[in-house]
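Welcome! Here is a short briefing to read alongside the structure shown below.

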Amino acid sequence: ARRRRGGERRLSHRRRHQQLDVVRKLCNQPTMALVSLMVLYEDDSVEVRLSDGSSLQLSPCGSEFMIEKCPAPNVHPLQSCCRVRQRTLFTISIYKEQVLHALEFRNRFATCPYLPADLITADKLQVSPTSAKLCPTHLL
């Protein structure tokens with residue numbers, strides 16, 4: 001995989017279309033801000049930009065995330081953004097839907113999936129024996 005600007009992977013045409021389909025599916029979620037950008041970096045970390053100006057960053061292993069909320073438009077411009085950093089396994093309900101969508105995107109295209117049993121439902125767990133052998137620490 002060749003490195004491109006920002007470290008993201010150069011993906012095949014088919015894989016790019018698969019990612020776009022996932023993003024389109026996530027954009028139709030009524031309970032969250034619209035996804036404007038999803039990027040899977042070479043180290044398997046994910047960055048999600050939402051239409052309300054906030055962003056979600058998922059760590060390379062998928063076990064923790066950081067959400068940065070931009071202040072409301074009527075707030076002074078020098079007021080800093082609100083940052084929340086948590087372990088993925090202990091996601092609070094406010095962020096759970098956004099984190100699950102970011103994990104689904106990451107697990108679809110990453111080299112090693114992060115599959116916490118408390119977050120991923122049994123119908124979405126499709127682990128092949130080869131990936132279980134490669135990544136035993138990620139199967140919690």
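This is a predicted model: local features need pLDDT of at least 70, side-chain atom pairs count only at pLDDT 80 or more; totals for chains, interfaces and linings use all residues.

- Five strands form an open sheet in the order S1-S2-S3-S4-S5, and their pairing is antiparallel.
- The edges belong to strand S1 (35-40) and strand S5 (82-87); each has a single partner strand, so one side of each lacks a neighbour in the sheet.
- From one strand to the next, the twist averages 10°.
- Strand S4 (residues 64-69) pairs with S5 over 6 bridges in the antiparallel sense.
- Here, two strands pair if DSSP finds at least two bridges between them; strands (E, at least two residues) and helices (H or I, at least four) are DSSP runs numbered from the N terminus.
- As a general point, strands of a sheet pair through backbone hydrogen bonds, either parallel or antiparallel.

**Helix H2 and the sheet**

- Strand S4 and S5 pair over 6 bridges, and helix H2 (residues 93-109) packs on the sheet, touching S1, strand S2 (46-50), strand S3 (55-58), S4 and S5.
- Contact means heavy atoms within 4.5 Å.
- The direction of H2 makes about 40° with that of S1; axes are lines fitted to C-alpha atoms, for helices over the stretch in contact, and angles run from 0 to 180 degrees between N-to-C directions.
- The 17 residues of H2 should span 24 Å at 1.5 Å a residue, and its end C-alpha atoms are 25 Å apart, which agrees; the expected span is 1.5 Å times one less than the number of residues.
- Buried residues in H2 include Tyr95, Val99, Ala102, Leu103 and Phe105, where buried means under 20% relative accessible area, exposed over 50% and partly exposed in between (1.4 Å probe, protein chains only).
- Leu40 is part of strand S1 and counts as buried at 7% relative accessibility.
- Between Leu40 and Ala102 there are 9.8 Å in space, C-alpha to C-alpha, although the two are 62 residues apart in sequence.

**Salt bridges**

- There are 4 salt bridges in the structure, each a side-chain nitrogen of Lys or Arg within 4 Å of a carboxyl oxygen of Asp or Glu.
- One of them joins the side chains of Arg85 and Glu64 (2.5 Å, N to O).
- Arg85 lies in strand S5 and Glu64 in strand S4, so this pair ties together parts that are 21 residues apart in sequence.
- Arg85 counts as exposed at 63% relative accessibility, whereas Glu64 counts as partly exposed at 21%.
- Glu64 also meets Arg87 in a salt bridge (3.7 Å, N to O), linking strand S4 to strand S5 across 23 residues.
- Arg87 is partly exposed, with a relative accessible area of 46%.
- Another salt bridge brings together the side chains of Arg83 and Glu68 (3.6 Å, N to O).
- With Arg83 in strand S5 and Glu68 in strand S4, that pair ties together parts 15 residues apart in sequence.
- Arg83 counts as exposed at 58% relative accessibility.

Terms used
Residues are numbered from 1 along each chain as its sequence is written. Side-chain values use heavy atoms; hydrogens and water are left out.
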